[in-house]
Amino acid sequence: MTTRTPTPNAGPDTKVVDVVIKDGHALVTINNPPVNALAVSVRKGLMEALRAVNEAGCATAALVCAGRTFVAGGDISEFAGPPPLPHLPDVLDAIEASATPFIAVMHGTVLGGGLELALACAWRIADDNTKFGLPEVNLGLIPGAGGTQRLPRVIGLERAARMAANGKPVSAKTFEEFGGLDLVFSGDPMQAIASFRNNLPARPQNTSARPVADADLTALKAEITKSAKGSNAPMIALETTALAATLPFAEGSKIERQTHLDLRDSAQSRALRRLFFASRSVTRPARLKAIEPVPINHVAIVGGGLMGAGIAAASLAAGHRVTLLERDTESAQAGRGRVEAIIAKDLASGRITEAKADARRAAFHAGADYAAASDADIAIEAVFEDPEVKRAVFRQLSDVMSETALIATNTSYLDPNMISEGMPGPGRFLGLHFFSPANIMKLVEVVGTSVTTDQTLSTAFAFARGLGKIPVETGVCDGFIGNRILSAYRRQADYMLADGASPYEVDAAMRGLGMPMGPYELQDLTGLQISWANRKRQLAAGTWPGRYVDIADKLCEIGRQGRGSPAKKGWYDHTSGSGKQDPDVEVMVAAWRTEHGTGQQTFTTDEIVMRIMAAIVNEANLILEEGIATSETAVDIVWTEGYGFPKHLGGPMFWAEETGMDRMREAFAAIEAQSPGSLKAAGVFKG
């Protein structure tokens with residue numbers, strides 16, 4: 001006999017939680033697309049499902065989710081205010097105490113509240129491709145419904161503390177080895193449920209009642225302190241999880257819940273949640289949502305250097321057929337070698353299987369004949385940053401490709417209008433600025449020309465999203481959003497260098513803020529010749545803004561162009577393998593100051609940070625005023641995803657708001673006094 005119990009919380013056309021009872025067993029289905037988040041409607045539906053299965057006296061209740069995943073977390077939109085009833089901890093306690101035992105049947109991703117839900121069930125079975133994790137720390141939070149207290153009672157304290165503190169998911173195989181699963185299956189979940197019920201183990205002790213053996217977490221604490229880089233939540237998650245070894249479940253869960261609620265109001269969590277929503281909104285511009293993107297199957301990449309190889313590898317990982325083009329066969333083979341090295345690295349790390357590695361190699365071709373791109377749906381040039389070289393590539397691609405195929409430049413600074421001028425099919429040209437290494441970095445700046453069609457942009461955004469990237473639309477200016485702000489950052493650092501700060505003090509100050517490296521360390525990594533070429537280009541065009549400090553130029557002239565240069569020197573000495581402060585640089589800087597009559601000022605760490613941030617925020621506001629960026633959050637996404645600005649600080653614009661605009665204006669005034677006329681003031685800094 002089969003009965004169906006619809007839940008009263010669902011809308012007229014959708015059952016958010018559905019219950020079907022057959023032969024004394026229940027099937028409880030959550031259907032809250034896209035990721036079955038534990039919104040208040042789902043929580044209410046689960047409470048009603050509990051009532052239904054227990055009133056029917058069901059022997060078991062299998063909990064499944066419709067769509068592509070099991071519950072992938074809570075409803076983050078609810079975190080801004082008081083949590084509505086019923087609270088998730090109460091729902092999970094009721095599931096655990098249910099007379100009818102629950103079987104969590106999982107697929108896709110089981111994250112955050114989804115894993116907490118599964119831990120409250122009597123048994124857990126999962127498809128072999130399922131991932132499990134507690135990613136709350138990525139939002140500046142810790143679990144809030146018993147996750148830090150139930151998980152160690154299932155898989156042990158050290159493993160649970162690591163999962164809670166680093167936020168990284170583990171595979172079904174790993175989670176099973178940890179003791180977190182009763183069965184891993186492949187194929188039809190309904191068959192797996194039936195098989196599991198036919199050989200049903202004895203109902204285990206409730207998770208909350210199990211003891212937890214203590215463990216030495218000293219090494220893990222040191223590891224998390226280093227990796228957190230100023231974010232508070234990871235260590236709080238670790239310490240809260242450790243309570244499971246010393247406190248009863250009820251007491252530990254109460255502390256966990258209150259800590260979770262307190263963290264919701266913290267600046268770090270507000271910053272991270274803002275970025276979470278922004279990273280989704282910027283990738284789908286409102287005006288493009290109604291435009292269906294054209295499918296991309298074949299991708300052509302011109303240029304097999306580090307950038308081109310990275311783009312090719314990312315495209316292969318997304319399932320595209322890829323053709324890499326170079327100027328000659330020897331260069332093409334070198335490019336092939338770089339791509340295959342990335343595939344080999346992914347294979348060695350366990351990120352892909354041998355079968356996937358073989359599939360990527362089979363989908364990859366490298367050569368020097370542009371005719372191989374004739375049926376490509378999109379081509380991306382990643383050649384030297386020279387407008388004529390790029391125009392020559394565009395002409396060759398235009399000669400062989402369909403006029404409906406997209407052609408993109410990966411330029412970091414140049415105007416795509418100029419590169420594509422006079423080419424056939426002008427509406428299909430644009431800029432796609434990837435960040436290196438392109439197979440890892442998520443940011444892609446999408447730069448339309450004055451005639452790029454919305455169809456082209458819609459397809460480009462969909463293509464970038466398919467690569468697992470975060471595409472952000474930017475207007476045309478020198479350096480677009482990210483590198484234009486980076487130039488302002490570097491100029492201000494150079495002003496302080498000229499006037500008395502050492503490059504090493506500046507780097508240390510910015511690392512103290514949370515940047516992965518300071519501006520001079522970054523130049524050594526990327527190569528001083530890149531920014532030198534841009535400065536020379538701007539000087540020749542008469543577009544360099546304000547005061548000019550040419551200390552970096554002098555380093556380049558004597559071959560000190562970074563750690564990748566033959567000299568293995570730049571601002572630092574890398575000849576020993578690690579960058580060391582170099583007295584020769586300090587001598588050069590001192591001589592420059594003497595020649596120019598500068599260097600009498602001293603700067604505190606706070607002054608260095610505030611002046612650099614004032615320059616960054618001023619440039620960002622100019623970009624907004626000019627319509628280059630569509631929103632403050634777009635700027636913050638570009639700088640957190642592309643330049644390493646600490647995510648827990650929310651990006652430059654959020655940081656400035658939290659710091660206070662009065663302090664920012666004071667810092668801007670100090671810059672004006674130090675280097676008069678060197679910065680055009682944005683509206684927020686005028687007056």
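Which residues have the most contacts inside the largest nonpolar core? They are Val472, Ile481, Trp571, Ile612, Trp639, Trp655 and Met664, and the core itself has 69 residues. A nonpolar core here is a set of buried Ala, Val, Leu, Ile, Met, Phe, Trp, Tyr and Cys residues joined through side-chain atoms within 4.5 Å. Buried means under 20% relative accessible area, exposed means over 50%, and partly exposed is in between (1.4 Å probe, protein chains only). The model is a predicted one, where local features need pLDDT of at least 70 and side-chain atom pairs count only at pLDDT 80 or more, while totals for chains, interfaces and linings use all residues. Residues are numbered from 1 along each chain as its sequence is written, and side-chain values use heavy atoms, with hydrogens and water left out.

Back to the core: helix α24 (residues 605-625) gives the most to it, with 11 residues. Helices (H or I, at least four residues) and strands (E, at least two) are DSSP runs, numbered from the N terminus. As for Val472, its contacts (heavy atoms within 4.5 Å) include Val282, Phe461, Ile481, Ala634 and Val638, leaving aside residues up to four places away in sequence. Another core lies apart from this one and has 57 residues, among them Ala120, Leu141, Ala145 and Met163. In soluble globular proteins, nonpolar side chains tend to be buried together.

Next come the helix pairs. Two packed helices are described by the angle between their axes and the distance between the axes. Axes are lines fitted to C-alpha atoms, for helices over the stretch in contact, and angles run from 0 to 180 degrees between N-to-C directions. Helix α18 (residues 482-499) packs against helix α25 (residues 632-642) at about 75°, with the axes 10 Å apart. These two are therefore roughly perpendicular (under 35 degrees is roughly parallel, over 145 roughly antiparallel, 65 to 115 roughly perpendicular, and the rest oblique). On the α18 side the contact uses Gly482, Ile485, Leu486 and Tyr489, and on the α25 side Val635, Val638 and Trp639. That makes six nonpolar residues, one polar and no charged ones; Ala, Val, Leu, Ile, Met, Phe, Trp, Tyr, Cys and Pro count as nonpolar, Asp, Glu, Lys and Arg as charged, and the others, Gly among them, as polar.

Helix α18 also packs with helix α20 (residues 519-526), at about 120° and with axes 10 Å apart, so this pair is oblique. Residues meeting there include Arg490 and Asp494 in α18, and Tyr520 and Gln523 in α20. The contact divides into seven nonpolar, two polar and two charged residues.

There is also an open sheet of three strands, in the order β6-β8-β9 with mixed pairing (two strands pair if DSSP finds at least two bridges between them). Its edge strands, β6 (109-111) and β9 (170-171), each pair on one side only. Helix α3 (residues 113-120) packs on the sheet, touching β6 and β8, and its direction makes about 90° with that of β6. Strand β8 (residues 131-133) runs antiparallel to β9, with two bridges, and Lys131 has Ser171 as its bridge partner in β9.

Finally, a few backbone details turn up in loops. The bond joining Leu85 and Pro86 is a cis peptide, with omega about -5°, and Pro86 lies between β4 (60-65) and α2 (88-97). Asn36 is not a glycine, yet has a positive phi of about 55°; at 2% relative accessibility, this residue counts as buried.
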